[in-house]
Amino acid sequence: MSADMQFDLVVLGGGPGGYTAAFRAADLGLAVCLVEQANRLGGVCLNVGCIPSKTLLHGAAVLEEAEQAAEYGISFGAPKIDLVAFRDHKQQVINQLTGGLDKLCQARKITRIVGKGGFKDTTTLQVTGEEGAKEISFSNCIIATGSHPFMIPGLPEDERIWDSSDALALKFVPKRFLIIGGGIIGMEMAQIYSALGSEITIVEMLDHIIPPADKDMVQPLFQKLKKKYQIFTKTKVVEVTAAESGIQARFEGAKAPESGEYDAVLVAVGRRPNTENFERENIALALNERGFVGVDNQQRTAVENIFAIGDVVGEPMLAHKATHEGKVAAEVIAGHKAEFDPMTIPSVAYTHPEVAWMGLTEKEAKAQKIDYQKGKFPWGASGRALASGAATGVTKALFSKETGRIIGAAICGQNAGELIHEAVLALEMGADAEDISKTVHAHPTLSETFAFAAEIVDGSITDALPSKK
C-alpha cells in the first residue's frame, strides 16, 4: 500500500514540544503533519498538567489571601466554594488555550491527524484513528510522545486512588487526603485540596519535601505547611488496601504513624517516558540505559532522520525544556545551524510560597567539589516583602570562587517562579556578583533580594550586617 500523504516532517505528539516543533518547522517552509491521539493539542501540560493546576492553584491562593487580609484590618465572610463553577473555569482556560493552538495550526497550514501513530519503517508512519488507518510518508520525524504518571505497582484498582490527572479533575474533595510523594506535583495538589477543605497527609521517602531543591530553600515553605498538614519525611508506604470506609495505608518511618485511613489517595511519585506503543522496534530505535530515547545536542536519535524531544528524551521533564528542544529539532531539519545547549533549565514549585531554582544547588556544588561563595538574603528584611505580607522567603545566589561567576540561585517566596529568570539570564551571560549588585534594581521590589544576595558576596551590602571578609 502506498502512503496516503507525504511530508517533509511528521511530528508524533501534540504537547508543548510537539506543537512548537511543528509550528517552527512550518514557519521555516517545511510541509508538516502533526499527529496527536487526543482531539486537542497541548498534551499533558495544557490539558491535565501545568495549566489546569495553575488555574486551581490561583483559586487556592485567593482563598488564602482573603484569610490573611485580616492582618490588614480587612475581613471577609466565610468563603462559599462552588466546586462545579471552579471546575468549569479551569476548563474554560484550557479551552481558550487549546482553541488558540488550533487557530495557530490552521494559519500555518499544518496537516493535523487525530490518531495513534506507529512506525512501519524509517520513512513511514501508520496512524490509526476513528476513520481507520492512514499511512504517512516522511523525510524526517520528531518523536514528542511525552510521559505518564508512574503508579506504584500492586495498588488496588479503586476510583479513590488517583494520579495527578484524577486530582485535577476535581471529582470530589476528600476529607482525609493522603498524598504519596512530596515533590512538586504532590505539594501543589496539597495546596489546592487544603484550600478546599481537605485534611492533608504527605508521605515522602527522602529527607525533605521538593527533594531536588536545597533543604534550606524549602524550609520556609515547610515551616509554614507543617502547621497545616501532616508531613512525614523518610517514610515509605508499605501497603495500601481498599475498604468500604476508606483507603487504608500502612507506613514505615521513624516519625510516621503505623497506619491511617483516607477518603482518597494521590500517587505523585514521578513520571515515566512514553517510549512504547509507537512501534520503535520497526526502526531499530533502542532506549538508553536510563530508559529514555537517546539524542545528541541536535535532538537526533541513532536513526539519522528521526529526532526526539521533551519528556521522552530525559530529565528534567518540563514543558519549557521540550519547547526549546522542539525548536532546535525543527531548525536542524530545516537546514539551520542549531543545538540544544542551555547552561541551565529553571525549575519551579508553584506552592505558596513558591520555590524556584536554577543552575547548581549547594548539594550539587558540594558533590562536584566546586568551591563557591554564597549570598543569602532573608525576605524578612525586604521592605516590599513585608508590605505585601510575603516575609516568608529567602533568596540565595552561589558564585564560583575560581571564576567569580554565578553558578546557581534559588528563591523561596512569593512569585519566585517569575523572579528566578534574572538569575537564569545572569548565568547564561556569565555575570559575577558585582555585575548583579551594580545593576540598579527598582525599590521596593522582591527582585531586589537577588541583588542583595549578590551584594553579600561582593561585600557591598547595606541592607543587612556587613559581610564577613
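Before the details, a convention: buried means under 20% relative accessible area, exposed means over 50%, and partly exposed is in between, with a 1.4 Å probe and protein chains only. This is a predicted model, where local features need pLDDT of at least 70, side-chain atom pairs count only at pLDDT 80 or more, and totals for chains, interfaces and linings use all residues. Residues are numbered from 1 along each chain as its sequence is written, and side-chain values use heavy atoms, without hydrogens and water.

Overall, the protein has 13 helices and 22 strands; these are DSSP runs numbered from the N terminus, helices being H or I of at least four residues and strands E of at least two. The radius of gyration is 24 Å, close to the 23 Å that the globule rule gives for 469 residues, so the protein is as compact as a globular protein of that length. That radius is taken over C-alpha atoms, and the rule is 2.2 Å times the number of residues to the power 0.38. Of the 469 residues, 49% count as buried.

Now the backbone. The peptide bond from H352 to P353 is cis, with omega near 10 degrees, and P353 lies in the loop between strand 18 and strand 19. Another cis bond joins H443 and P444, with omega about -5 degrees; P444 sits between helix 12 and helix 13.

E279 is not a glycine, yet has a positive phi of about 55 degrees. At 29% relative accessibility, E279 is partly exposed.

Last, K215 is in helix 7, residues 215-225, and is partly exposed at 42%.
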